Amino acid sequence: MTAQPTIPAYFVRQAVDLATKSGVDLTYPLSMAGIGSTILGNPAERLTTRQVTAFTQAVWAMTGDELFGLAAVPVRRGSFRVVCQTLIHTENLWAALVRMSETMRVLIPVRPMTMDRTEESTVLTVHVTPTTHLSPEGNELAERLLTDFLLILLHRFAAWLIGNRVKLLSVQLPYPLPGPEAGKMYDAIFGTHVEFGTDLATLEFDSAVMRAPIVQTEATLADYLAESPNLLFSSRDYDSTASSQVRRALETGFKGGAPGTDEIAAMLNISPPHLRRILRQEGTSINQLREEVLRDAAISGLSRGDSVDDISTRLGFSEPSAFRRAFKRWTGQTPGAYRLN
């Protein structure tokens, strides 16, 4: 059983809302990604990484802009590739981020990021330049979307560069909390509690990780860019948390079947009570992670056009009706209604 993580439809809905305010029709990108209006209207909906990638690539093609028209000046296609090629030849993560800041200043017409480093922590601050062609309301939404995109990109790409997890000490976002559920979503994305309503947009790293060597090459970069931005959405930050390891165990299975708590604990060389305790500290449980894996696998199967009977059998349900009930509990919709969206 293998499932790519799914993505809240919230982010695509925000992009569509902004496009509507700007008089831009995103019907074609939505159609290319198989995203219907019903999906965007439901806050509980989730999308596959392939759907979000297809949507993003279609918007890139429409706008010719790697920042989707969110910045004050368009960012020409290929800019990110050039920036990346200058980074993989640096010594360590600190040198790579310094070079990224310098390169962005030259190639990308947005105010560069800045970094402040102490022995304990390194704070990366992103400065988003306001757009000029939008209404005040549209401009506020554009700044929020661009801030989110850049911080997620920087965090995930830093992890990819060193081939290991980059744990964040803190994340600050300079706009109000969108809502309690959105707050949980942001915490999950960044792997730490996110503070809203701050003066600046920042990522705080443990300075020790800045000494990590760059392990990527020209060849691995070519593979990374060939699927861009799919790996940005699908990779889990090379996460080494207990919940991430448990999820991977559930996805890959154990001796041909989904492992139980005792088997997973043995795989991690810890006792079952200790595993449960760690997961509680991370705000989750074996059962919750199992439900998330099943949900993501079900959504991926429906998106590929697999039948309900096949998905039900593959995921280990006793009968299709049990799968239908579970799917409605996960998403608020029946599998048939989801497929029609």
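Before I turn to the structure, one convention: the helices I will mention are DSSP runs of H or I with at least four residues, the strands are runs of E with at least two, and both are numbered from the N terminus. Please keep in mind that this is a predicted model.

Let me begin with helix H16, which covers residues 320–331. Phenylalanine 327 and tryptophan 330 are three residues apart in helix H16, and therefore about one helical turn separates them. Their rings form an edge-to-face aromatic pair, with 6.4 Å from centre to centre and 75° between the planes, and both residues are buried. Phenylalanine 323 also lies in H16, four residues from phenylalanine 327, which is again about one turn of the helix. The ring centres of phenylalanine 323 and phenylalanine 327 are 5.9 Å apart and the planes stand at 45°, so this pair counts as tilted. Phenylalanine 323, like phenylalanine 327, is buried. Over the whole structure, a search finds 15 aromatic pairs, and one aromatic cluster is made up of Tyr10, Phe11, Tyr175, Tyr186 and Phe196.

Two arginines also belong with the rings. The charged end of arginine 144 sits over the ring of tyrosine 175, at 5.5 Å from its centre, while arginine 117 lies over the face of tryptophan 94, 4.5 Å from the ring centre.

Now to the sheet, which is open and has five strands in the order S3-S4-S7-S5-S6, with mixed pairing. Which strands stand at the edges? They are S3, residues 114–117, and S6, residues 194–196, and because each has a single partner strand, one side of each is left without a neighbour in the sheet. On average, and ignoring direction, neighbouring strands of this sheet are turned by 15° against each other.

If we walk through the pairings, S3 and S4 are joined by a hairpin through three residues, and they pair in the antiparallel sense over four bridges, with threonine 114 standing opposite threonine 125 in S4. Threonine 125 also has a bridge partner in S7, namely threonine 202, and S4 and S7 run antiparallel with six bridges between them. Strand S7, residues 201–206, is in turn joined by four bridges to S5, residues 168–173, again antiparallel, and here serine 170 has glutamate 204 as its bridge partner in S7. As for burial, S4 is mostly covered, since five of its six residues are buried.

Helix H7, residues 136–162, lies across S4, S5 and S7 and runs at about 15° to S7, whereas helix H8, residues 180–190, lies across S5, S6 and S7 and runs at about 135° to S6.

In soluble globular proteins, nonpolar side chains tend to be buried together. The largest core here has 77 residues, and the members that touch the most others are Val12, Ile35, Phe55, Phe157, Leu161, Tyr186 and Phe190. Helix H7 provides the largest share of this core, with 16 residues. Taking phenylalanine 55 as an example, and leaving aside its neighbours within four places in sequence, we find contacts with Val12, Ala15, Val16, Leu26, Pro29, Leu30, Ala33 and Ile35. Apart from this core lies another, of 15 residues, and this brings us back to where I started, for among its members are Ala322, Phe323, Phe327 and Trp330.

Methods
Residues are numbered from 1 along each chain as its sequence is written. This is a predicted model: local features need pLDDT of at least 70, side-chain atom pairs count only at pLDDT 80 or more; totals for chains, interfaces and linings use all residues. Side-chain values use heavy atoms; hydrogens and water are left out. Two strands pair if DSSP finds at least two bridges between them. Axes are lines fitted to C-alpha atoms, for helices over the stretch in contact, and angles run from 0 to 180 degrees between N-to-C directions. Contact means heavy atoms within 4.5 Å. A nonpolar core is a set of buried Ala, Val, Leu, Ile, Met, Phe, Trp, Tyr and Cys residues joined through side-chain atoms within 4.5 Å. Buried means under 20% relative accessible area, exposed over 50%, partly exposed in between (1.4 Å probe, protein chains only). Rings of Phe, Tyr and Trp (its six-membered ring) pair if their centres lie within 6.5 Å; planes under 30 degrees apart count as stacked, over 60 as edge-to-face and the rest as tilted. A charge sits over a ring if NZ of Lys or CZ of Arg is within 6 Å of the ring centre and within 35 degrees of the ring normal.
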